[in-house]
Structures are given as structure tokens and as C-alpha cells.
Amino acid sequence: METLESELTCPICLELFEDPLLLPCAHSLCFNCAHRILVSHCATNESVESITAFQCPTCRHVITLSQRGLDGLKRNVTLQNIIDRFQKASVSGPNSPSETRRERAFDANTMTSAEKVLCQFCDQDPAQDAVKTCVTCEVSYCDECLKATHPNKKPFTGHRLIEPIPDSHIRGLMCLEHEDEKQNLESNLTNLIKRNTELETLLAKLIQTCQHVEVNASRQEAKLTEECDLLIEIIQQRRQIIGTKIKEGKVMRLRKLAQQIANCKQCIERSASLISQAEHSLKENDHARFLQTAKNITERVSMATASSQVLIPEINLNDTFDTFALDFSREKKLLECLDYLTAPNPPTIREELCTASYDTITVHWTSDDEFSVVSYELQYTIFTGQANVISDPHLCRVS
């Protein structure tokens, strides 16, 4: 019965379960005790409904609550029925289950059959014989007084009722109970201190780990900033170099075009003067004078036409800057994939290209990580050909 009573005791209030909740970890807990746990987790100005999880006091399993809170957990109806039957048996039975062990500490011959214990609560004279003695109240009761003073509900269900004994024996029983409770308290206190020491050690380690996380994170952030600044500086330098090349190409093209423009203007001016003279000669009405000037002007026009073709060649300069084509697709892809180093994927062996002859083996493979992998380590197995015995794997570094 003592074992049964311990199984029916709440680990928080150390009393029999009252309105027990069935936790997902299969342990039970009083509804009020579970509510007190939630209250203890609440911060200042925080409601109990904001707490969404707590730990089982028996196995430390995290219990996650729904929006209904504790009302969302199932009631352990079977356990409540067992407790109700146990309480009835402890009150009406021949012996209280929690006191059987203590009663054995007294000698059976201490009370004689002639010694009677009277009810100490009766108003009748003479008082009726006592049927139970309450160790908690240190009073003996008859049946009527017991029902009147100890109803089957808390806090009276926690009172310890035993067979009636004289007052002189109650003190000894209380001493035994005191010693037992003292031993239990000392044992629990020792366990609590030990557990508290372990928690303090764990807390110190957690705090130290948090500090290390802060320091390491700051170090990594600083390193990331430094590397990114270096990349930006390299990009700016290359931008300046490439921009200078573009400017030089522009100046060279403009210089050549300016020379051709000047030549064109000079030819146009000469041609304009010659055209004016030719038009004036064509308007001459005097045949003799026309013949004198026409031949000379014709020669000059022919020479001017030929010289313009020599001085002004066909324009063949490229104004599209095709020689300065920019293709940063590979660099963009690398920048987009910037991240912490990870293990590269193994290369794909192309068996159709692999060859073997005597003591030479040629292996061909393709890899998607050609820019990040310097070398590969090839592991292979040699078959001896005798009963399929496999020798130890060999390692070689290939680049």
C-alpha cells in the first residue's frame, strides 16, 4: 500500500493527485500544480496564457501547449478513480495504508485488551469509544465525530488516521514520523543541492559558450568585411585600368577622325574655289576667251578630283568598340556563389576514356568545381584475381 500511495503522489505538492492531467510523456500532474509551474515561468506583466511550453517535473520532457493551454491536455480519469478508491479504503479500512509501517514499530502488547480509548471530541457523557486516532490532529474520534470533522476532501484527506491509541503513544508515533520526514527531507535536500550544483556548472558553461559565440561571430563578421572590402578594392582597380584603356581608344579614334575632318574641309574649300571659277568660265560668252581659260580649268578640276580621292580615303574606323567587349559572366557567377567553404562534389569519372596498361592507369573525370579544387585524392582497390581477394585500398593524389 505504501508503494501504491507513492505512485499516487504528485511530484510537486507531494499530496495525492487532485484533478490529474495526463502529460504526453505519460506522467501525471495536478492541474493546480501545472498552473503554478506556468505562473512561475511568467515574467512581470505577462499572462499565463502567453506560456506555450513547460518541462515535466519527472522526466524533464518539454510539454508543448495548444491555444487552449492546460485545458488542451487530457484528464487522467483512470488515475482519479484509483485515488478516490484509495482514499475511501484509507478512511474506512481496518488500517491506514500510510500508517501500517509506523504501527509495526509499536509492540503489539503495548495496549492491553482491557485498555479503551475514548473519543476526545464527543460532547456526550460518557464519551463513546474511539474508532480512529488522527496523528495529524493528535485526537481520537468516534465514528460520528470522525465523519463530522474529517470529510473526504482536502485538506483532511492528507490527515493520517490509524487505529485508536492512547495519548501517550501518539507522541512516540509522532517522533517516528518526525524522524522519517527528517530523513526524507535531508535526502531530498542533498539531491536538490547536488542537482543545483550541476545546474550552476551547466549555467557557467552555457554563459561561457555564449561569450565564445559572441567573440567568434564578431571575428567572422570582421573577416567577412575585410574580404569584401578587398574584393571591392580589386574591382575598383580593374575598373580604373579598363576605363583607362577605353579612354585611350576613344582619344586615338577621335584624333584620326579630326585629321580626316580637317583634310575634308581643306579639299572642300579648294574644290569650292575651283567650282566657282569653272562656273564663271561656263558663263563666258566670248569664244576666244573661253577657249583660253577652259583648258586650264579642266586640268585643274581633274587634278583636284584625283587628289581628293588620295587625301580622303574611305573611312574604316570602328566606332562600336567591339575590341573592348566585356564578359564578366564567370566572375558574376563566382560572386553570386560567395559563401563559407563546403566540401566540393566528387568528380564524375568518365569510364569510356579511362585506360589501363601494365602498371599505368589513366583516369579521366569532369568536375564542376574546377576553380575551387586544387587536387583530388583518388582511392582505388586492386583485385588480385585469386578467389576475388581484395587488397587494401591505395591512395594517390592527383591534380
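## First stop: Glu138

Select Glu138, which is partly exposed, with a relative accessible area of 31%. On this tour, buried means under 20% relative accessible area, exposed means over 50%, and partly exposed is in between (1.4 Å probe, protein chains only). Glu138 sits in the loop between β6 and β7. Helices (H or I, at least four residues) and strands (E, at least two) are DSSP runs, numbered from the N terminus. Now look at the backbone: Glu138 is not a glycine, yet its phi is positive, at about 60°. Most residues other than glycine have a negative phi.

Before you move on, a note on what you're looking at: this is a predicted model, where local features need pLDDT of at least 70 and side-chain atom pairs count only at pLDDT 80 or more, while totals for chains, interfaces and linings use all residues. Residues are numbered from 1 along each chain as its sequence is written, and side-chain values use heavy atoms, with hydrogens and water left out.

## Another positive phi

Jump to Ala26, in the loop between β1 (20-22) and β2 (28-30). Ala26 has a positive phi too, near 80°. Is Ala26 buried or exposed? With 57% relative accessibility, Ala26 counts as exposed.

## Zoom out

Show the whole chain as a cartoon. You'll find eight helices and 14 strands. Of the 399 residues, 19% count as buried. The accessible surface comes to about 30,600 Å², and 55% of that belongs to carbon and sulfur atoms; such areas come from the Shrake-Rupley method with a 1.4 Å probe, and for residues only the protein chains shown count as cover.

Now for contacts, meaning heavy atoms within 4.5 Å. Take those with a separation of 6 or more: residues 24 or more positions apart account for 49% of them.

Select Cys122: its nearest cysteine sulfur belongs to Cys142, 3.4 Å away, and Cys122 is in no disulfide. Then pick Cys134, also in no disulfide, where the nearest cysteine sulfur is that of Cys137, 3.4 Å away. Cys122 is buried at 17% relative accessible area, and Cys134 is buried at 0%.

## The aromatic pair

Searching the whole structure turns up one aromatic pair. Select Phe121 and Tyr141: their rings are 5.8 Å apart, centre to centre, with 55° between the planes, which makes the pair tilted. The cut-offs work like this: rings of Phe, Tyr and Trp (its six-membered ring) pair if their centres lie within 6.5 Å, and planes under 30 degrees apart count as stacked, over 60 as edge-to-face and the rest as tilted.

Phe121 lies in the loop between α4 (100-103) and β6 (132-134), and Tyr141 lies in strand β7 (residues 139-141), so the pair ties together parts that are 20 residues apart in sequence. Colour the two by accessibility: Phe121 is partly exposed at 46%, whereas Tyr141 is buried at 5%.

## Salt bridges

Side chains of opposite charge can pair when their charged atoms come close. A salt bridge here is a side-chain nitrogen of Lys or Arg within 4 Å of a carboxyl oxygen of Asp or Glu, and the structure holds six.

Start with Asp19 and Arg75, whose closest N and O atoms are 3.1 Å apart. Asp19 is in the loop between α1 (2-7) and β1, and Arg75 is in strand β5 (residues 74-75), so this pair ties together parts that are 56 residues apart in sequence.

Next, select Lys147 and Asp143, which form a salt bridge at 3.5 Å, N to O. They are four residues apart in helix α5 (residues 143-149), so about one helical turn separates them. Lys147 is exposed at 60% relative accessible area, while Asp143 is partly exposed at 40%.

## Last stop: a nonpolar patch

Finish by selecting Leu230, Leu231, Ile234, Ile235, Leu335 and Leu338, which make a nonpolar surface patch of about 520 Å². Patches are made of residues with over 30% relative accessible area and no salt bridge; like charges are joined within 9 Å, and nonpolar side chains (Val, Leu, Ile, Met, Phe, Trp, Tyr) within 5 Å. Which helix gives the most to the nonpolar patch? Helix α6 (residues 167-282), with four residues. Click on Ile235, which lies in helix α6 and is partly exposed at 47% relative accessibility.

Notes
Disulfide = S-S within 2.5 Å.
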